[in-house]
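Let's take a walk through this structure together. Have a look at it below, and then we'll go through its parts one by one.

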Amino acid sequence: MSSCPAEFEREMGCTPAELSHWLPGAAAPCPVSPRADGADVAVGGGQLRLRWQALPPRRIALLSVPRLRLRFAFEGVDEPARLRFMQRFDLYTQRGGG
């Protein structure tokens, strides 16, 4: 990731419970305030409003993969800080394969 817009959406292969469990580590050292539909994360002098929505699972033959739509909205966070946050978030939430 070489740039990070202030607002974007993505899809992840996890459940809301899994993401809620990972988020404190993925956002560290930034404090996380959980919400029913996501979380607010204090990033530097600004904030990330992270909202999610469970989607129907993706099915491939007998395999079922949970799906979650995430909306990232950074407010008052400059691009270098957004990039640092997202690099850690992506590394922390990355699942191994193979």
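How many disulfides does the count come to? A disulfide is a covalent bond between the sulfur atoms of two cysteines. Here the rule asks for a pair of cysteine sulfur atoms within 2.5 Å, and by that rule the count comes to zero. Take Cys-14: it is in no disulfide, and the nearest cysteine sulfur, that of Cys-4, is 18 Å away. Cys-30 is in no disulfide either, with the sulfur of Cys-4 again the nearest, at 13 Å. Cys-14 counts as buried because its relative accessible area is 1%, and Cys-30 is buried too, at 18%. Buried here means under 20% relative accessible area, exposed means over 50%, and partly exposed is in between, using a 1.4 Å probe and protein chains only.

A quick word on where all this comes from. This is a predicted model, in which local features need pLDDT of at least 70 and side-chain atom pairs count only at pLDDT 80 or more, while totals for chains, interfaces and linings use all residues. Residues are numbered from 1 along each chain as its sequence is written, and side-chain values use heavy atoms, with hydrogens and water left out.

Now for the helices. Helices (H or I, at least four residues) and strands (E, at least two) are DSSP runs, numbered from the N terminus. The expected span of a helix is 1.5 Å times one less than its number of residues.

Ala-28 counts as partly exposed because its relative accessibility is 28%.

Helix 2 has 15 residues, so it should span 21 Å, which agrees with the 21 Å between its end C-alpha atoms. At its start, a side-chain oxygen of Asp-78 reaches to within 3.0 Å of the backbone nitrogen of Ala-81. The buried residues of helix 2 include Leu-83, Phe-85, Met-86 and Phe-89, and what covers the buried residues of this helix includes strand 1, helix 1, strand 3, strand 4 and strand 5.

What sits in the largest nonpolar core? A nonpolar core is a set of buried Ala, Val, Leu, Ile, Met, Phe, Trp, Tyr and Cys residues joined through side-chain atoms within 4.5 Å. The largest one has 26 residues, and among those with the most contacts inside it are Leu-19, Phe-72, Phe-74 and Phe-85. Strand 1, helix 1, strand 3, strand 4, strand 5 and helix 2 each give two or more residues to this core.

Finally, the rings. Rings of Phe, Tyr and Trp (its six-membered ring) pair if their centres lie within 6.5 Å; planes under 30 degrees apart count as stacked, over 60 as edge-to-face and the rest as tilted. The count comes to four aromatic pairs. Phe-8 and Phe-72 are stacked, because their ring centres are 4.7 Å apart and their planes are at 10°. Phe-8 lies in strand 1 and Phe-72 in strand 5, so this pair ties together parts that are 64 residues apart in sequence. Phe-74 and Phe-85 form an edge-to-face pair, 6.0 Å centre to centre with 80° between the planes. Ring pairs link Phe-8, Phe-72, Phe-74, Phe-85 and Phe-89 into a cluster.

Notes
Contact = heavy atoms within 4.5 Å. Polar contact = N/O pair within 3.5 Å; in protein donor to acceptor, adjacent residues only side chain to side chain.
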